[in-house]
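This report describes selected features of one protein assembly. The sequence and structure come before the text.

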Amino acid sequence: MFVDRNITEVTIMDVDKKPVLFIILAVVTILAGTLATTFIPLFMGTASPSRENIKFYTALELEGRDIYIREGCNNCHTQMVRPLKFETARYGDYSTLADSAIDRPHLWGSKRTGPDLARVGRKYPAAWHVIHMKSPQSMYPKSNMPPYAWLADRDLNTKYTEAKMKTLGYPYTAADLRALEGKTEMDAIIAYLLRLGNELR
Amino acid sequence: MELKAWLYFGFTTLLTAVLAYIIVYYFRGKRKDRVEQPKYRMLEEDGE
Amino acid sequence: MAQEHAYDYRAVKGFAISSLFWGIVGLLIGILISLQLVYPQLNVTSWLTYGRLRPLHTNALIFGFTIPAAFSIFFYLVQRLGRTQLAFPGLAKALLYLFNTAIVLAALSLFAGMSQSKEYSELEWPLDLVIVVIWVMFAIIIIGTIVKRKEEQMYVSLWYILATVVGVAIVFIGNNLVVPVSLFKSYSVYAGANDANVQWWFGHNAVAFVFTTIPLAIFYYILPKTTQAPLYSHRLSIIGFWSLVFAYLWTGAHHLIYTPLPDWIQTVAISFSIFLIAPSWASVINGYGTMKGQWEQMRTSYLVKFIILGITFYGLQTLQGPSQAIRAFSALTHFTDWVPGHVHMGTMGWVTMTISAGFYYMLPRIYNTELYSVKIANAHFWLVLMGQLIYSVTMWITGIRQGAMWQAMEADGSLVYSNFIDTLTPNYAFWNMRTAGGIIFFAGFLLFVYNLYKTIRLAPKASSA
């Protein structure tokens, strides 16, 4: 261990001799950018909009969303229409803060191997989705989307649905939960897809 | 200019000043040996 | 000075072997998902669909390959640069077993579809807690060794090691604040745009404190030691280090250009991304400067080839990154193959080459032996280089082409390629080339592992503890 012979000589600029001081300085340096761009904006209204006109997810839609997460759909699909002409022409009006205001976690995505889904709820009916999910190749022969026919064979696990709705603070009734009986995972994912683009009341 | 512009200007100037101080401090002649010394020490044989 | 303390390399060896093993697993999954993108029939059973395998690829190579490589080489560096023995060797042994157990559990959880959906942070909350414990153990060993060092002044590699310890801890915890609903499911505490902002603050700083500070710590040690030439300028690395660590934390939002995230956060991220060129190139200049008058070694030494190509890819990476962060370019390339092209030049080029140099330098020394075959090492170099270039170049071609096709509009404002599938199918030929690049890279990596295996196998048994 080092005993610093004369304390006056050792200043903050000799931090390469003082690991503990170095660590503190590194943490402060890291926290500067963290506070400014990430922590403080959490409490500024601009990044978390008002929630009055937002429709909360129904129990079935939420379970469908969790299947979307479980199957990693966000690895190929985005939910983010950018305010650029060629995007709004292709997908519909651009995404706003309100569209994802209650999404925990967000599913904006970062890669479009498949098309953007932010407005897909306005584009295709449930029947279209059933055929497409079971065999994307039956509709688009050259599609590289994996087939998810097996979702129709799996009953929806609703053991944690109530706990989920409570955790997220989404309103629900006992009737909503009862309505989940007999639903399959395919019903749930399609309910979620039909909601995308119809977030507002 | 309103407050936001002054804040932005002040922050940038502060950053530049801190960076300038660090550069001048470490690149001043009299401190050269002390700061460059580790790169020679790490080359010296340190036993297998 | 009598050598009263022999260095303790048990954990160093254990993590090196773990890193190479999980590296092979991660690369195999990479090749499989690359094939799945062209041949969807390869998506068999729910466990092996692309959606679940892609996070496995990223987590296996970040947490399974890069992190143990860092543990291994850092446990070596803190001893050599501190001229002292590893602190808490018992803790290091426990860490090795806990780490490998956690990786197996992580892999199984991802196969089963347990995911928080946030990229490079998909593992569910119980595993997050295990990772925090692992990181605390790692921090205790590193800081414990550095504090009892015999060498007063810390060389630049130790700064980058400390930055890694501190940086990963902060960003990992910040991004994994969740509310558990069950043992296998949790929801982020943040919502919508906030969640995205925190995610990419984590995402880009996982790049900073895993894919930048770890290879830099290795690079700054291996280059001077291999060439026996002093580092070009230690003072320059002071400036480079502090401005790098400061600036990186501002840049996360360049992953969110043209999203509803407030514009000022995006603009700050873009400007600091451009600023980052300076500190990054401080290390590149340090690399090239050190080679002054001895570029001949590029021809004679495979190790110098790995280091210099590694830092060159780092230089290219840190020019390409800022350029694609600019709004005009992001509008074209965001969401396209351009981005994985950029990512893999960094990971396959900069990170893997520098870690390979670290292992090539360190393992023969800690086993008191010579490398098994220099010829194989050179073959490994050329295969890895070719595989990487094929991968990235094909991705940049498809990225620009598909981005342009998405943008193509007729005079009347209608889309030229209104069917998305028409912009996708031309990629398949290039994606097959990408798979070929990945296989060539994997062949090189196998040669690497074989070479090290033979080196260890033929090492004299009375090697140090």
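The model is predicted.

**Interface of chains C and A**

Between them, chain C and chain A bury about 7,500 Å², and 68% of this lies on carbon and sulfur atoms. Chain C contributes 90 residues to the contact and chain A contributes 82 residues. On the chain C side, the residues that lose the most area to chain A are C:Tyr187, C:Trp242 and C:Phe335, which together make up 11% of what that side buries.

C:His334 sits in the loop between helix H13 (327-333) and helix H14 (338-366) of chain C. A:His132, by contrast, is part of helix H4 (residues 126-134) of chain A. The table lists the relative accessible area of each histidine.

| Residue | Relative accessible area |
|---|---|
| C:His334 | 10% |
| A:His132 | 11% |

Buried means under 20% relative accessible area. C:His334 therefore counts as buried at 10%, and A:His132 is buried at 11%.

Apart from residues up to four places away in sequence, C:His334 touches A:Arg82 in chain A as well as C:His255, C:Ile257 and C:Trp406 in chain C. With neighbours within four places in sequence left aside, A:His132 is in contact with A:Met139, A:Tyr140 and A:Met145.

**Helix H8 of chain A**

Helix H8 (residues 185-195) of chain A has 9 of its 11 residues buried, so H8(A) is largely enclosed by the rest of the structure. The buried residues are A:Glu185, A:Met186, A:Ala188, A:Ile189, A:Ile190, A:Ala191, A:Tyr192, A:Leu193 and A:Arg195. They pack against helix H2 (59-70) and H4 of chain A; H4 is the helix that holds A:His132.

**Helices H1 and H14 of chain C**

Two packed helices are described by the angle between their axes and the distance between the axes. For helix H1 (residues 10-36) of chain C and H14(C), the axes come within 11 Å and cross at roughly 135°. The crossing of H1(C) with H14(C) is left-handed.

From H1(C), the residues C:Val12, C:Lys13, C:Ala16, C:Ser19 and C:Leu20 meet C:Phe359, C:Met362, C:Leu363 and C:Ile366 of H14(C). By class, the residues of this contact are 7 nonpolar, 1 polar and 1 charged.

Notes. Residues numbered from 1 in each chain as written. Chains lettered and ligands numbered in written order. Predicted model: local features only at pLDDT ≥ 70, side-chain atom pairs only at ≥ 80, totals over all residues. Heavy atoms only, no water. Helix = DSSP H or I, 4+ residues; strand = E, 2+ residues; numbered from the N terminus. Buried < 20%, exposed > 50% of the residue type's maximum accessible area, 1.4 Å probe, protein only. Contact = heavy atoms within 4.5 Å. Axes fitted to C-alpha atoms, helices over the stretch in contact; angles between N-to-C directions. Left-handed = near helix turned anticlockwise from the far one by under 90°. Nonpolar A, V, L, I, M, F, W, Y, C, P; charged D, E, K, R; others polar. Buried area = accessible area lost by both parts, 1.4 Å probe.
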